[in-house]
Amino acid sequence: MSGQGRFEKKSAINMFCRLFSRQSTLLRKTITTKTLTIFPKALTPSFVQHSMQATSSKNSSLQASAFSTASTLERHFPVSKIENYDSSTYKTLAFYKFYPLTKPELEDLKEKLLADFGELGIVGRIYISTEGINAQIACPEECLPKLQAYHDEYLKPMFDGDLMDLNIGTEHGKRSFRALHVRIRKQLIADGLDSSTYDLTNVPSHLSPAEWHEKLTNYEKKHGKKPILIDMRNHYESNIGFFDGAICPDADTYKDSITAMNEICDNLPRDQEIFMYCTGGIRCTKAGAILQSASGFDTVHLVDGGITSYGRWVAEQEDKVSLFRGKNFTFDARMGEKITDELLGKCQLCGQPCNRYQNCSHASCNILMVCCPSCASQFLNTCARLQCYDTVHEFMGSTKEHYHPAGPVLVDGVRAFTKQGEKDMDASSHRVVIGKKGVSCDHEHTRRTRAIEVLGEPGEVLKEWAKAGRDLPPKPTDINA
């Protein structure tokens with residue numbers, strides 16, 4: 001056997017050993033038959049290795065029949081039927097609920113949501129756990145009535161008739177997610193705390209957008225002091241939008257936000273009203289429960305439906321001025337929805353006022369940054385570092401075709417990254433993600449690396465070009481980024 005063959009065989013054995021070390025019945029999807037094979041939990045790694053040794057080296061696909069004790073279950077993973085719907089009609093929305101679910105219920109719910117939502121062409125991320133459900137999805141407009149009926153008639157009874165209504169976004173475009181994923185998690189949002197130290201049933205006050213607006217507007221006049229208003233989002237979210245007077249912690253994660261919240265409230269009297277907000281409400285619902293149950297605060301308020309709901313409400317008010325300024329960051333292809341016209345961020349490349357976020361189109365970089373449409377077009381949606389720009393530019397110049405039916409085009413070890421459903425998504429028609437095969441990520445996966453740590457202050461990264469004796473790419477004449 002060749003060295004490459006021994007390496008491949010050893011890698012396969014290691015992979016299967018990891019799979020079979022689990023305690024429960026395992027499912028394996030075979031490559032050629034697209035079915036699932038169930039392996040009894042008594043099947044040990046040594047048996048797997050023995051079975052592999054008995055398998056012909058010519059049969060590289062490792063057919064399920066090679067395992068004599070395996071039974072085959074014909075079962076296809078449901079894929080959302082996005083091809084049946086016009087991508088320009090999709091509406092982005094969310095709903096969530098903290099509610100105790102059992103592990104068997106989670107497995108059943110996952111399978112049902114994948115099948116039923118897939119039939120409606122719905123895409124997005126749905127997290128379920130023993131804490132409840134958190135759904136961020138996009139639905140074809142024509143299927144919204146069916147989704148509403150499904151929400152009311154099937155999902156709501158699961159949560160004792162108390163489930164947040166569909167929270168429709170303020171801005172839409174094409175599909176904001178590429179596919180449908182339902183994932184089982186330990187927690188809906190990781191807080192870094194011992195869950196036995198707080199009570200999620202101690203639900204904070206949910207104010208309607210109108211009530212929220214009225215309370216914040218009149219608070220200082222009524223109480224003679226400014227309200228304690230906490231932004232429970234990450235630093236890059238509040239960078240482009242926030243409520244006037246809010247405390248915006250320099251947080252990288254929700255765990256950081258919880259730590260900051262506790263520090264802000266530590267010395268406050270427990271009868272002090274606390275106001276907090278986030279994108280859609282779920283982070284504040286948990287944070288408020290922690291403040292009330294673990295720290296003993298009497299009243300924590302949040303705006304029901306978060307910034308999204310408030311933005312939708314205030315847009316309908318002719319006699320009200322928005323208390324939220326700028327853009328509401330979103331975790332989907334839109335990367336934000338406008339609430340007001342104010343530009344509170346700065347382009348990381350030219351320093352101009354800007355609220356537009358993007359990820360560097362060089363796959364191994366992928367850094368999140370504020371970038372204006374002009375710089376995005378000029379630097380091919382990269383962070384403008386030479387290695388990132390050159391990789392993308394050289395690939396784009398070497399081929400006009402980035403994808404074909406067999407998969408992404410590969411040119412000298414560089415390829416375009418695409419996944420099922422990415423076509424016709426927001427921003428995809430102007431952004432092609434490029435990377436070198438086998439090159440690992442530049443940045444840590446444990447936290448979102450800040451653009452300023454890599455690129456410096458706005459404009460600093462462009463000095464690399466001058467040091468290298470390079471002219472900047474020509475500025476675009478037609479900007480549609």
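A residue counts as buried under 20% relative accessible area, as exposed over 50%, and as partly exposed in between. Keep that in mind for the close-ups below, which all come from a predicted model.

**View 1. Cysteine 248 and cysteine 143 sit on either side of a cut-off.** Let's start with cysteine 248: its relative accessibility is 32%, so it counts as partly exposed. Now look at cysteine 143, which has 2% relative accessibility and therefore counts as buried. You won't find a disulfide here, as the structure holds zero of them. For cysteine 143, the nearest cysteine sulfur belongs to cysteine 139 and is 5.2 Å away. A disulfide needs the two sulfur atoms within 2.5 Å, so cysteine 143 is in no disulfide.

**View 2. Helices α3 and α4 meet.** Here you have helix α3, residues 103–119, and helix α4, residues 144–158. Their axes come within 13 Å and cross at roughly 170°. That angle makes α3 roughly antiparallel to α4, because anything over 145 degrees gets that label. So who's touching whom? On the α3 side, look for Leu109, Lys112, Leu113, Asp116 and Phe117. On the α4 side, their counterparts are Leu147, Tyr150, Tyr154, Leu155 and Met158. Sort the residues of this contact by type and you get eight nonpolar, two charged and no polar.

**View 3. Four strands form an open sheet.** Read across the sheet and the order is β9-β13-β12-β10, with parallel pairing. The edges are β9 (205–207) and β10 (228–231), each of which pairs on one side only. From one strand to the next, the twist averages 30°.

View 4. Zoom in on β12 (residues 274–277) and β13 (residues 300–303): they run parallel, joined by three bridges.

**View 5. Glycine 296 lies in the loop between α8 and β13.** Leaving out residues up to four places away in sequence, glycine 296 touches Arg270 and Leu291. Glycine 296 and arginine 270 are 26 residues apart along the chain, yet their C-alpha atoms are separated by 6.2 Å.

Methods
Residues are numbered from 1 along each chain as its sequence is written. This is a predicted model: local features need pLDDT of at least 70, side-chain atom pairs count only at pLDDT 80 or more; totals for chains, interfaces and linings use all residues. Side-chain values use heavy atoms; hydrogens and water are left out. Axes are lines fitted to C-alpha atoms, for helices over the stretch in contact, and angles run from 0 to 180 degrees between N-to-C directions. Helices (H or I, at least four residues) and strands (E, at least two) are DSSP runs, numbered from the N terminus. Angles under 35 degrees count as roughly parallel, over 145 as roughly antiparallel, 65 to 115 as roughly perpendicular and the rest as oblique. Contact means heavy atoms within 4.5 Å. Ala, Val, Leu, Ile, Met, Phe, Trp, Tyr, Cys and Pro count as nonpolar, Asp, Glu, Lys and Arg as charged, and the others, Gly among them, as polar. Two strands pair if DSSP finds at least two bridges between them. Buried means under 20% relative accessible area, exposed over 50%, partly exposed in between (1.4 Å probe, protein chains only).
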